[in-house]
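Reader: I would like to go through the labels on this model. Please set each one against its cut-off.

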Amino acid sequence: MRKIVLALIIIGAINWGLIGFFRYDLISSIFGTNLELISRIIFALVGISGLYAITFFKGQRTHV
């Protein structure tokens with residue numbers, strides 16, 4: 001599950017980087033307007049993965 005979440009986060013980060021630097025939306029370009037629902041599902045999964053990734057910090061605290 002963690003590997004899937006990390007893969008989705010990486011995909012999302014790359015997509016946001018492309019949007020920020022070049023105004024190019026890779027996900028929408030791949031799936032086009034005919035498959036807009038699939039693009040929205042991918043964006044939703046990336047968002048949920050980001051929220052789930054917050055739990056990765058639980059138990060990672062070190063005392064300085």
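Author: Start with burial: buried means under 20% relative accessible area, exposed over 50%, and partly exposed in between, with a 1.4 Å probe and protein chains only. This is a predicted model, where local features need pLDDT of at least 70, side-chain atom pairs count only at pLDDT 80 or more, and totals for chains, interfaces and linings use all residues. Residues are numbered from 1 along each chain as its sequence is written, and side-chain values use heavy atoms, with hydrogens and water left out.

Reader: Why does F56 count as buried?

Author: F56 has 15% relative accessibility. Buried means under 20%, so F56 is buried.

Reader: What makes W16 exposed?

Author: The relative accessible area of W16 is 60%. The cut-off for exposed is over 50%, so W16 qualifies. W16 is found in helix α1, residues 2-22 (a helix is a DSSP run of H or I, at least four residues, numbered from the N terminus).

Reader: Why is I41 called partly exposed?

Author: I41 stands at 43% relative accessibility. That lies between 20% and 50%, so the label is partly exposed. I41 is found in helix α3, residues 36-53. I41 also belongs to a nonpolar surface patch with L37, L45 and I48, about 390 Å² of accessible area together.

Reader: What makes the pair of F21 and F22 tilted?

Author: The structure holds 2 aromatic pairs. In one of them, F21 and F22 lie 6.3 Å centre to centre, with 50° between the planes. Rings of Phe, Tyr and Trp (its six-membered ring) pair if their centres lie within 6.5 Å; planes under 30 degrees apart count as stacked, over 60 as edge-to-face and the rest as tilted. F21 is exposed at 71%, and F22 is exposed at 61%.

Reader: Why is the pair of Y52 and F56 edge-to-face?

Author: Their ring centres are 5.7 Å apart and their planes are at 85°, so the pair is edge-to-face. Y52 is partly exposed, at 32% relative accessibility.

Reader: Which ring does the charged end of R2 sit over?

Author: The ring of F56, with the charged end 4.1 Å from its centre. The rule asks for NZ of Lys or CZ of Arg within 6 Å of the ring centre and within 35 degrees of the ring normal.

Reader: How do you know that S49 is buried?

Author: S49 has a relative accessible area of 5%, so S49 is buried. Leaving aside neighbours within four places in sequence, S49 is in contact with V5, L8 and I9 (contact means heavy atoms within 4.5 Å).

How values were computed
Helices (H or I, at least four residues) and strands (E, at least two) are DSSP runs, numbered from the N terminus. Patches are made of residues with over 30% relative accessible area and no salt bridge: like charges are joined within 9 Å, nonpolar side chains (Val, Leu, Ile, Met, Phe, Trp, Tyr) within 5 Å. Accessible areas come from the Shrake-Rupley method with a 1.4 Å probe; for residues, only the protein chains shown count as cover. A salt bridge is a side-chain nitrogen of Lys or Arg within 4 Å of a carboxyl oxygen of Asp or Glu.
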